[in-house]
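Please study the sequence and the structure before reading each solution.

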Amino acid sequence: MQFSEIPGLQELKKQLVSAHKRGKVAHAQLFAGRPGTAVLPMALAYATYLMCESKIEDDSCGSCPNCVRIKKLVHPDIHLHFPKVSAAENKYEKVLADAIPRFREFVMESPFGDLEAWTRKYGQENKNILISREDSRQMLKNVSMRSVEGGYKILLIWIPELMNPSSANAILKILEEPPEKTLYLLVSYNYDNLLATITSRTQLVNVPPNTEAEVKNYLIEQGVNEPEAEQAAKLSEGKIGLGLHLASAGESQEYEDFQKWMLECWNKNLTGLVQRSEDFSKSGKAAQKNTLNYAIALMRNAVVHASGQTPPVQSDSEKIFIGKFADKLGLGRLEKTYALTNEALIHLERNSNPRITHLNLSLDIIRVLNG
Ligand SMILES: [Zn+2]
């Protein structure tokens with residue numbers, strides 16, 4: 001990954017490059033931003049830049065042996081640590097051997113992908129995945145080894161907030177007193193959930209969302225047609241990963257599902273809603289979050305419509321539905337519905353029972369509709 005492959009964010013790229021030029025590369029840096037933004041691509045582009053043997057003005061060259069190996073994530077001095085299924089000590093090598101090639105593929109295919117996208121790729125959607133104690137032992141081992149090629153040794157820790165506390169504590173010492181030329185790049189989507197003992201030992205690199213225009217252009221470069229790219233970019237909140245997802249998912253299935261769900265709430269169709277929560281719970285964690293995220297995006301548009309503003313462009317059918325939905329509910333009830341759905345998503349992210357969460361949300365929405 002080169003800086004030039006990431007749209008926009010020039011200011012941040014300049015900062016990273018200039019820190020290197022001034023010889024001020026902090027040994028532990030925390031790249032933080034929302035899921036779907038360029039957090040991981042930025043950390044990878046930075047690692048590539050630092051290791052590149054023939055840097056150009058503000059970027060890596062993209063073609064020296066180091067650049068080529070980092071692109072394929074096979075550089076011997078870049079160690080990847082990421083959430084995976086937990087395993088007893090004697091099974092760890094096997095888990096690692098299975099997960100690493102998949103993770104490399106995942107990052108190469110979808111560097112803007114989030115945890116849900118990774119669990120789908122990994123095929124472990126219903127398992128709890130984390131950075132385990134065994135992983136932190138592996139980190140300590142990697143740190144104690146000499147760099148293979150005599151340059152920097154980089155530990156890239158993707159989603160450190162998924163370290164369990166004992167593995168997090170195990171690496172505090174190495175974060176504080178790293179051997180020479182050892183760098184830690186932590187890539188976090190939920191910086192608030194990190195232990196203060198970790199954040200206080202790292203330098204924060206805040207990766208902001210992209211602009212709508214940047215997301216749109218990126219989608220077009222990826223082969224999405226212009227009207228679809230424009231629509232997805234408007235709903236993307238500057239997250240390229242979300243834009244890609246919206247552009248590829250298309251409207252139809254998700255839209256129809258949402259419409260049916262709201263009708264069931266409106267009609268107090270309890271049988272339908274119980275069945276819906278059952279189906280929801282069987283759909284896998286990634287799909288569950290997508291369902292709620294999509295509902296949140298549409299509800300937000302309805303709130304915008306009800307406040308008398310023009311919501312971002314949607315498909316014609318969505319536009320009609322959002323208009324009707326907003327007129328029927330009115331701003332107050334829409335805002336409540338929107339807040340409730342956001343809350344349900346947060347509960348789900350904290351591993352609440354999906355069936356109960358979804359059913360409770362439906363019942364709460366019924367109450368709001370009748371309030
Ligand atoms: Zn290079």
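**Exercise 1.** Determine which residues of helix α16 are buried in this predicted model, and how they are arranged about the helix axis.

*Solution.* 
Step 1. A residue counts as buried if 20 or more other C-beta atoms lie within 10 Å of its own. In α16, this holds for P354, T357, H358, L361, S362 and I365.
Step 2. Viewed down the axis of α16, the buried residues fall within an arc of 135°, so they line one face of the helix.
Step 3. An α-helix has 3.6 residues a turn, so residues three or four places apart point the same way.
Step 4. I356 and R367, on the other side of α16, are exposed.

**Exercise 2.** State what span helix α16 reaches from its first C-alpha to its last, and compare it with the expected value.

*Solution.* 
Step 1. Helix α16 comprises residues 354-369, which is 16 residues.
Step 2. The span of α16 is 22 Å, close to the 22 Å expected at 1.5 Å a residue.

**Exercise 3.** Describe the phi angle, the location and the burial of L9 and of K268.

*Solution.* 
Step 1. Most residues other than glycine have a negative phi.
Step 2. L9, although not a glycine, has a positive phi of about 55°. L9 lies in the segment before α1 (10-21). With 23 other C-beta atoms within 10 Å, L9 is buried.
Step 3. K268 is not a glycine either, yet has a positive phi of about 50°. K268 is found in the loop between α12 (252-266) and α13 (270-282). With 13 other C-beta atoms within 10 Å, K268 is partly exposed.

Notes. Residues are numbered from 1 along each chain as its sequence is written. This is a predicted model: local features need pLDDT of at least 70, side-chain atom pairs count only at pLDDT 80 or more; totals for chains, interfaces and linings use all residues. Helices (H or I, at least four residues) and strands (E, at least two) are DSSP runs, numbered from the N terminus. A residue is buried if 20 or more other C-beta atoms lie within 10 Å of its own, exposed if 12 or fewer, and partly exposed in between; C-beta atoms are placed from the backbone. The expected span of a helix is 1.5 Å times one less than its number of residues. The arc is that of the directions from the helix axis to the C-beta atoms.
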